[in-house]
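Here's a quick briefing to read with the model open beside you.

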Amino acid sequence: MKYRVETDSLGEVQVPMQRLYAAQTERSLHNFSIGQEVMPLEVIKALVLIKTAAADINLKRGYIPVSVGTAVSFAGKLIMDNFTCFVPEFPLHVWQTGSGTQSNMNVNEVMANLATLFLYLKQEQPTLSDAAAAEQLLDLLGTEKVGELLQKAEIKVLPNDHVNCSQSSNDTFPTAMHIVAYSDLAQLKISLRRMIKTFGPLISRYKHTYKSARTHLQDAVPMSFGQELSGWQALLIEAETAIKNIEPSLLSVALGATACGTGLNTPDNFSEDVLQLINELLQEREGNLAAVSPFAFRKSTNLFAALSGKTALTACHGVLQALAADLFKIANDIRYLASGPRLGYGEIKIPANEPGSSIMPGKVNPTQAEAMTMVATQVIANNQAIAMAAANGQFQLNVYMPLEIYNFHQSCRLLNETILSFTDHLLAGLEANCAKMQANFNASLMNVTALSPKIGYKKAAELAQEAHKNGLTLLEVVLKNKLMSREEYEKLMDPEKLSYPHGEMLS
């Protein structure tokens, strides 16, 4: 591999010729080869977005030369429009400096060198259009020609003075975190809404399918399966509402705080103008998400809190933990009710997606439920890590930010994907085993609750105990003790009246 020499404030560094990144990125790769987790690409995209908008405002206000500002803006838009082509340029690990400075500089370096190449091509080919320049630059990616041309270029776009102008890692990185988290929640809401809607037909279909409830894992009074389904759906609706209520807190961002919250080296109203442009770009580029959660990022009213605390991110992930707990409960209920098929509860049937055992022929397992409970467990663990990280914002800066956004993004991605998978591969094919539900309903001794208003609690308890001791049904002990006729008993045991005692039916 051939190398070129790049420099930063600490001196010279050898960088592979084919790479757009420069000295600080290479130093980070050398010093932080920890784990396999790389900075989420969504964070990189958000940083590119911030710097592209900042370049436009810096250019408009005359803080950077016109040619440089134009080139940086061009570079940012080229990366955003062809992001997959640039992925190799963003290789840094999550486990780096806690401020995310190295990832911020990684983006600064890539955009600076791409802008430098753009200016070089324009200088060498004065009539070259921007579209043609973009095509040539994309063809150069990953080749040693990148380094060769960078060494020839006379006009240099600088990562700190130009791309990072009017900014600091300490305000761009947390701003990028909020952009990513807000977008993640918007995507999660789409999947969650789909799961909620999938419950609708099931509730209608089974509102007159009756079964015995269970409390304390013991037999309880009757209910309809539709009611049980509606309970699961309502938990998800509550989670959806909680997300909608908490997500606006992410719209308040740290941009403009620079190093410690004072805004040193940031012009008046700079962040306001940049954020307005960011909102416009996001509305344009993220149309499907913008329809769910409109982008309206604004400067935090207290930038010292924005840098040192992570309240919004922590609170939002707390809602994700609550959703994970609900999904865990729903998945477990379903897999227990589907247990069997002959020796378990066996009250519902779930799709047979794949063979369940390498040794037991014909076995089918509730794999989607198992996957969902594993995801929920991971999200709950992520919540603990985020809470601990947020608690450690010493003095003017929290230095656990890469961990926080990595865990937050992972939680959203896992929840989003497991919800879609569970909905498509299990929930959509869920069926009630009506015969088993009816048999359990008939056998339940807790139906005696319907008799207690007529014969009293004590006598009803005695009947249940007698039936259980002697292996009889409730009807058999009622008739044996001549407490009422079969007709009276069956009228009291009408499953619809027991399940809907006040007449409310599910819609």
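What follows is a short tour, grouped by topic.

This is a predicted model, where local features need pLDDT of at least 70, side-chain atom pairs count only at pLDDT 80 or more, and totals for chains, interfaces and linings use all residues. Residues are numbered from 1 along each chain as its sequence is written, and side-chain values use heavy atoms, with hydrogens and water left out. Helices (H or I, at least four residues) and strands (E, at least two) are DSSP runs, numbered from the N terminus.

**The α14/α16 pair**

- Two packed helices are described by the angle between their axes and the distance between the axes.
- Helix α14 (residues 311-337) and helix α16 (residues 401-425) have axes that come within 11 Å and cross at roughly 30°; axes are lines fitted to C-alpha atoms, for helices over the stretch in contact, and angles run from 0 to 180 degrees between N-to-C directions.
- That makes α14 roughly parallel to α16 (angles under 35 degrees count as roughly parallel, over 145 as roughly antiparallel, 65 to 115 as roughly perpendicular and the rest as oblique).
- On the α14 side, the contact (heavy atoms within 4.5 Å) is made by residues including L313, L320, L327 and I334; among those on α16 are F408, L415, I419 and F422.
- By class, the contact of α14 with α16 has 13 nonpolar, three polar and one charged residues; Ala, Val, Leu, Ile, Met, Phe, Trp, Tyr, Cys and Pro count as nonpolar, Asp, Glu, Lys and Arg as charged, and the others, Gly among them, as polar.

- Look for K207 in the loop between α9 (169-205) and β3 (210-215).
- K207 is partly exposed, at a relative accessible area of 21% (buried means under 20%, exposed over 50%, partly exposed in between, with a 1.4 Å probe and protein chains only).
- Setting aside neighbours within four places in sequence, K207 is in contact with S224, G226, Y500 and L506.
- K207 and S499 sit 292 residues apart in sequence, yet their C-alpha atoms are 9.7 Å apart in space.

**Backbone spots to check**

- G340 and P341 are joined by a cis peptide bond, with omega about 10°, and P341 is in the loop between α14 and β7 (348-349).
- T258, in the loop between β5 (252-253) and α11 (270-285), has a positive phi near 45° without being a glycine; T258 is buried, with a relative accessible area of 4%.
- N265 lies in the loop between β5 and α11 and has a positive phi near 70°; N265 is exposed, at 66% relative accessible area.
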